[in-house]
2 protein chains.
Amino acid sequence: MQPDLSDLDSFLDDRGAGGYLVYADSEDSTQRYLSGFDAPDPFLTLYDGEVHLLVSSLEYGRARKADRPATVARHADYDYRAKLEEYGHDEAGDRITAEFLAEHGVESVVTPEEFPLGVGDGLRAQGVDLEAEREGVVDDIRAVKTSEEVEHVAEAQTANERAMARAEELIAEARVETGTDAGSGVLVHEGEVLTSERVTREIEMELLRHGCALDETIVACGADAADPHDRGSGPLRADESIIVDIFPRDKETKYFADMTRTFVKGTPNDTVAEWYDLTQEAKEAAFDALEPGATGKDVHDAVCDVYEDAGWPTLRSDEATETGFIHSTGHGVGLDIHEGPSLSPRGGELEPGHVVTVEPGLYDPEFGGVRIEDIAVVTEDGYENFTDYPEELVVE
Amino acid sequence: MQPDLSDLDSFLDDRGAGGYLVYADSEDSTQRYLSGFDAPDPFLTLYDGEVHLLVSSLEYGRARKADRPATVARHADYDYRAKLEEYGHDEAGDRITAEFLAEHGVESVVTPEEFPLGVGDGLRAQGVDLEAEREGVVDDIRAVKTSEEVEHVAEAQTANERAMARAEELIAEARVETGTDAGSGVLVHEGEVLTSERVTREIEMELLRHGCALDETIVACGADAADPHDRGSGPLRADESIIVDIFPRDKETKYFADMTRTFVKGTPNDTVAEWYDLTQEAKEAAFDALEPGATGKDVHDAVCDVYEDAGWPTLRSDEATETGFIHSTGHGVGLDIHEGPSLSPRGGELEPGHVVTVEPGLYDPEFGGVRIEDIAVVTEDGYENFTDYPEELVVE
């Protein structure tokens, strides 16, 4: 994929800067996106209308085979060893980078916000005019997906749905046991207590079978589910809400997907049942508001309206609340699991090609938590939700 | 685990700085180590003899339950919303951080090299005296493992050995087929061509069963194996070297392990056979040199001596060589797969508690590659190699 970097060209023109400089490994998505090169250790990418890499000898062979870079240089081209002896590791690196920039006729560079401060100050000491931008110019470019990128997310989402089905199947197949060592009302599957950890492992196995991996999954029951970032642990219990939030990454394309469902094995209490209906309503309200020209804030406000009208607190009505709707409505998904645009109070204008989650939810340690999350792409005339998974609270 | 941060205290005293400031999510190992808190989005850690966190409302509940922090504050405590409206997202964040530091009586801070430049410059604009250190003071502390940390690495290594056994088993069980669609001499297992991708998947499944995960594995055959960072792809072939390099992370403790073996199904050519013997010799020479008081450079030199004496190039004898021994001898392993200390030309003094890989290897696209890697901890009187996996080039 060759990304459309014309917005970066304009940005550099406006700033009067000679280039955009990234120093990171390719786990950094700006680096991966801009360089088109995949390396486990940090390397340097200069964009000045073309992509130029400066890499270690170890990466040189592979980097030259990558199709994005116009040029590839290596440390040894700049007499690295002599500099290492004379100046030590850090200053040697800075001097080489300064020479590399000079060779490309670049005197001033803009970097991402995340550029390492130590390297930035080191380059300044070598006379490089260097400034970090905090607008997220590459983030904004990355937020607008090509159809190829949308396809990558959709593929990861297909794997995600298989994994969610596996999780739901385990809960469905489980029996509710009374009087186990783990307490009463515990789910038991094939003779063993069904824990968050066991469901998580089955989810991961299923994802691996479909070419995806993940670092974290949330399978959180009861009070665990009341904390949106709690991954969950221990036995799953009947009659309590179980939040399953899966965000796998395709191992080949490196694009993420994201989906959440909430289940109750047995009978939800009245509050959880009400929350579920309300959250479905809130999700619908969000999708009604999701279209090009609307802002992320509009979509978020639509969710807050539903919850506040029903009498539940949100961070909009009380910025210090720890119960109710205590996170934003959604986020972009791509090479990062959290990227632009934001469906939140600070969410700007939505554009066709934006891939976003819509994930309203309500939380209280007393009742647990409920969250429902789909993933969709903004289109010319609205959106396309490419989540194809049922919404059923009660699992029989 | 409560890390021993007395070296950080001395460092801050020497610098005359009031605190050490980290802004990162807990995928950043300095953040995880210092804060003892696990969060997927960036948060702020101030160390001034005690650990103080500044987190979003979303993380507040979990952060207060963490056992390391002495204090936990949240953005809402600093009137975030009003500042957001008046100053926008970035400056609002900087102002809150500046207030948070002032509240702790801290006027000047040192940060890790990787601190985000945009935030660093933003804080400077708010009057914070801030400087990145490039000595890696926390890296050096992290490099010396407690017995608990060594145990974490050893546990991940046990899982690693199971996964390696699974890979070797697949190669052993495979038959060599002539005249398949994938060409002659291709390995076939249970009726299907045995590819790098398939072996990788089986490795990952085995690791998951033992509580570990990994982002990348290297299963590289022939010319792929000649590039130390090539992950490998496509069918495995008989009579060519197959490098299997597995670096799993324990999902619970977050500590890594690392091991490499090289296999040939069938008959290695004379060069690969010679390389294998030499690499065993080089590994032995490295271990002979591995002890407290020796430097990482000493260990690396021992490997270079073996290879150069046998007539093969190294980066020491030719810094631009693309064949021969073209990487360093080893690296520290802990919360990061690559961390201090370094067994390389820039490797400093080794100390008890350092956990390092020893991984000599030789490479040439014409013959493929050979690498053998163990993992060990430096002890008071030498080292303890906690790799327990045979070294057999030829797999029958």
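**Aromatic rings in a predicted model**

Good morning. I begin with a charge over a ring: A:Arg95 lies over the face of A:Tyr87, 3.8 Å from the ring centre. For this, NZ of Lys or CZ of Arg must be within 6 Å of the ring centre and within 35 degrees of the ring normal. In chain B, B:Arg95 lies over the face of B:Tyr87, at 3.8 Å from the ring centre.

This is a predicted model, where local features need pLDDT of at least 70 and side-chain atom pairs count only at pLDDT 80 or more, while totals for chains, interfaces and linings use all residues. Residues are numbered from 1 along each chain as its sequence is written, chains are lettered from A and ligands numbered from 1 in the order in which they are written, and side-chain values use heavy atoms, leaving out hydrogens and water.

How many aromatic pairs does the structure hold over all chains? There are twelve. Rings of Phe, Tyr and Trp (its six-membered ring) pair if their centres lie within 6.5 Å; planes under 30 degrees apart count as stacked, over 60 as edge-to-face and the rest as tilted. One pair, A:Tyr307 with A:Phe325, is tilted, at 5.3 Å centre to centre and 50° between the planes. A:Tyr307 lies in helix H10 and A:Phe325 in the loop between H10 and strand E15, so the pair ties together parts 18 residues apart in sequence. Helices (H or I, at least four residues) and strands (E, at least two) are DSSP runs, numbered from the N terminus.

A:Tyr307 is buried, at 0% relative accessibility. Buried means under 20% relative accessible area, exposed over 50%, partly exposed in between (1.4 Å probe, protein chains only). A:Phe325 is also buried, at 0%.
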